[in-house]
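Here are some notes to read beside the structure. Please keep the model open while going through the points.

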Amino acid sequence: MRQSIAVIDFGSQYTQLIARRVRENHVYSIIVPPTVTPQRLREINAVGLIFSGGPSSVYEEGAPQCDKSLLEMGLPVLGICYGLQLACLLLGSKVGSAKAREYGRTQLTVSHPNELLANVPEQMSVWMSHGDVVNELSADFIPLAQTANCPIAAVKHAVKPVYGVQFHPEVTHTPYGSQILRNFLYEICKAEGDWKIGSFIGETVDAIARRVKPDERVICGLSGGVDSSVAAVLLYKAIGDRLTCIFVDNGLLRLNEAKMVEATFRGHFHIDLRVVDASERFLTRLAGVKHPQEKRKIIGHEFIEVFKSESCTIRNAKYLAQGTLYPDVIESGYNVAGTAANIKMHHNVGGLPAELGFELIEPFRELFKDEVRQVGGELGLPDEIVWRHPFPGPGLAVRVIGDITPERLKILREADAILLEEIHAANWYRKISQAFAVLLPVSSVGVMGDARAYEGQNVCAIRCVDTTDFMTADWTRVDYELLARASNRIINEVEGVNRVVYDISSKPPSTIEWE
């Protein structure tokens, strides 16, 4: 049985990121709740535990806890931030408020090099985010490192294989964080490194084939994006012509999107594809709606109703497959500990209403975007699909800020198409994780020809981000000449736009999408 690392989720927004970092090092990770039992850990063949961070204080009433028996199993444990504090508290140390909260990059001094901190500098930058500290360490623990404001920034138990760090090695802001995690996985847990995308594909295909009986069909909601496209091909590999893909044209698509999807999946993959033109239905329901969460609710509801109607024409349809990813799940508040904040709604998270009678198949629910791309590459999908930039489920509804009208959608489609054309032409597409245009509800004064223009003239924002996991992101330092060409073409070729701006905000605190 394949080895695994159990990541115990205490409510951190970075729990899935920890799991992803483990998998990057070819060790399978499973996120489990704090109530996980030793028996369950043995069932998943856990060779180590990672206690995640979390928003609570370990000494608060109601703060998530785990049973002390997890620390008595003999399995190596790495506590991160809250996880360090909890492990220390359970083993006799004291935790309290820090004199000064640490947030951001901090200089760490390694005072006691050991197997956890092997092959890292004595002085290094780490990312801190905490208001509590271990202020009285049990005699059974050995301090390993400190910062100016945190005298106990890394620890090791003298007898048990229990380690902890107050900083976050999983984030890119800790340059040697990957080395520390590798030390834990391979030097301490003695992991074999047997997690490969190829094995995930084989196991998932087999699981789907076993689950779907010969007389049952699966419907896949196909959007043309990376996630649903890869899911469709994976499902086709598992069940063949028992798969029917439904593509809903909700009137909120990019330029020529429907034609591209039809050509790709009917022509290239020969998959049974049903195209439903529901654009008038969606736009009627969205008329006058400005609030982004309300837009998402309406789109999600109509999406389900369209599927309900279309599914009646497909005999023996029992399952609906979706390309839901880990970031979708965590941003919708569905983390294992149940304590993460709901940042935005995802209409493809949480399943369909029970009365529809569908069971959900979400093969990528525990994968990140880069892992799905690896799956697509292994399955032989062309690069133009595998490396396509993400497109939100609600489509252009969350990129037309404010009122959604056919006229405003037309302006945005044309501007977005020009932006992507210029990015491709400059060979920047693969350098950028996601790029798109946003139409703002702002009229801008300009001079069009020899006349002053204001009414009907809009501001278009360009958004380009760099990210590896889509949970954190930074704005792309795009070549100025590329921005100039895109801006010039949008203003000159798109009627209704007379000003273009570039978004230079990071995630967090901003989200990648504007709504």
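1. The largest share of the lining of the second largest pocket comes from α13, which gives 6 residues. A pocket here is an open set of points on a 1 Å grid over the protein atoms alone, where a 1.4 Å probe fits, with protein on both sides within 12 Å along at least five of seven lines; lining residues have an atom within 4 Å of a point. Helices (H or I, at least four residues) and strands (E, at least two) are DSSP runs, numbered from the N terminus.

2. This is a predicted model, in which local features need pLDDT of at least 70 and side-chain atom pairs count only at pLDDT 80 or more, while totals for chains, interfaces and linings use all residues. Residues are numbered from 1 along each chain as its sequence is written, and side-chain values use heavy atoms, with hydrogens and water left out.

3. By type, the lining divides into 7 nonpolar, 4 polar and 9 charged residues. In this count Ala, Val, Leu, Ile, Met, Phe, Trp, Tyr, Cys and Pro are nonpolar, Asp, Glu, Lys and Arg are charged, and the others, Gly among them, are polar. The volume of the pocket is about 540 Å³, taken as the space filled by probe spheres set on the points, with grid points joined across faces, edges and corners.

4. Y319 belongs to strand β13 (residues 317-321). With 2% relative accessibility, Y319 is buried (buried means under 20% relative accessible area, exposed over 50%, partly exposed in between; 1.4 Å probe, protein chains only). Beyond its neighbours within four places in sequence, Y319 has contacts (heavy atoms within 4.5 Å) that include R211, E216, F358 and I361. The side chains of Y319 and E216 make a polar contact at 3.4 Å. A polar contact is a pair of N or O atoms within 3.5 Å; within protein, one must be able to donate a hydrogen and the other to accept it, and residues adjacent in sequence count only if both atoms are side-chain atoms. A polar atom of the Y319 side chain also lies 3.2 Å from the backbone oxygen of R211.

5. E371 sits in helix α11 (residues 369-378) and is buried, at 4% relative accessible area. Setting aside neighbours within four places in sequence, E371 is in contact with R23, W195, I197 and E366.

6. How many disulfides does a search of the whole structure find? It finds 0, where a disulfide is a pair of cysteine sulfur atoms within 2.5 Å. C460 is in no disulfide either, the nearest cysteine sulfur being that of C464, 11 Å away. C312 is exposed, at 67% relative accessible area, whereas C460 is buried, at 0%.

7. Some backbone angles deserve a look. A cis peptide bond joins K507 and P508, with omega about -15°, and another joins P508 and P509, with omega about 5°. H26, not a glycine, has a positive phi of about 65°; H26 is in the loop between α1 (15-24) and β2 (28-32).
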